[in-house]
Amino acid sequence: LGRTSLSVESSLEILYRVALALKEAHFGKIVHRDIKPANIFLHKNQSKIDFTVKLLDFGIAKMLEGTSHTITGQMMGTPHYMSPEQIINIKLVDHRTDIYSLGVVLYHMLMGRVPYDDDSYYAIMRHHMQSPMPMLSLDSLPENVLESLQRLLTQMTVKDVRKRVTSIDEVIQKVQMIWNQFPSLKQEIL
């Protein structure tokens, strides 16, 4: 992802496929903790218009049970995509951190930019902790599609982890509901 946005169709398909990969990780009690475009690999299949999505770099992943290899109090992640709890208290990090970061990636895919950018990492992290998520502005979309996307984004990026979408399965279900509501958004893409 660069400074250009992707179509809604492509964004939802990539979100869905990354969510499926995270479902496997979360089922194994693993939190990725560094969901960002650089760790999402898209490979266009030769025989189809279809593509494969791979979630890469589990280098700072955390096991939710058992021994942790993270240095106590050490901040982990990429500031533009970090959840508030990664910034405030690394001990609070669980699978919902990945959901927040994936929501930021969704914003980036749709808008062609990260929601928060500033002169310093500290300022960016402060935005993740305090600033409301900017609203999507996609003039070409019907209002009801935009409302569904905004609702999904908002539910994924709630600052209070206790109010955020509770599981990656919920994200998958919400994408499927959008596809059911707007079948034209589900097609072979990229």
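1. Start with helix 1 (residues 8-27) and helix 3 (residues 95-111): their axes come within 10 Å and cross at roughly 165°. Helices here are DSSP runs of H or I with at least four residues, strands are E runs of at least two, and both are numbered from the N terminus. Axes are lines fitted to C-alpha atoms, over the stretch in contact for helices, with angles from 0 to 180 degrees between N-to-C directions. So helix 1 is roughly antiparallel to helix 3, a label for angles over 145 degrees.

2. A quick word on the model before going on. It is predicted, so local features need pLDDT of at least 70 and side-chain atom pairs count only at pLDDT 80 or more, while totals for chains, interfaces and linings use all residues. Residues are numbered from 1 along each chain as its sequence is written, and side-chain values use heavy atoms, leaving out hydrogens and water.

3. On the helix 1 side, the contact (heavy atoms within 4.5 Å) includes Ile14, Val18 and Leu22, and on the helix 3 side Leu102, Leu106 and Met109 are among the residues involved. By class, this contact has 10 nonpolar, three polar and one charged residues. Here Ala, Val, Leu, Ile, Met, Phe, Trp, Tyr, Cys and Pro count as nonpolar, Asp, Glu, Lys and Arg as charged, and the others, Gly among them, as polar.

4. Now look at helix 1 with helix 5 (143-156). The two pack at an angle of about 35°, with axes 13 Å apart, and their crossing is left-handed. Val8, Leu12 and Leu15 of helix 1 meet Leu149, Leu152 and Met156 of helix 5. That contact has six nonpolar, no polar and no charged residues.

5. Which residues touch the most other members of the largest nonpolar core? They are Leu12, Leu15, Leu102 and Leu149, out of 45 residues. Such a core is a set of buried Ala, Val, Leu, Ile, Met, Phe, Trp, Tyr and Cys residues joined through side-chain atoms within 4.5 Å. Helix 3 gives the most to this core, with 10 residues. Leaving aside neighbours within four places in sequence, Leu12 is in contact with Leu149, Leu152, Val175, Ile178, Trp179 and Leu185.

6. Finally, Arg96 lies in helix 3. Arg96 counts as buried because its relative accessibility is 18% (buried means under 20% relative accessible area, with a 1.4 Å probe and protein chains only).

Definitions and conventions:
Angles under 35 degrees count as roughly parallel, over 145 as roughly antiparallel, 65 to 115 as roughly perpendicular and the rest as oblique. Buried means under 20% relative accessible area, exposed over 50%, partly exposed in between (1.4 Å probe, protein chains only). A crossing is left-handed if the near helix is turned anticlockwise from the far one by less than a right angle, and right-handed if clockwise.
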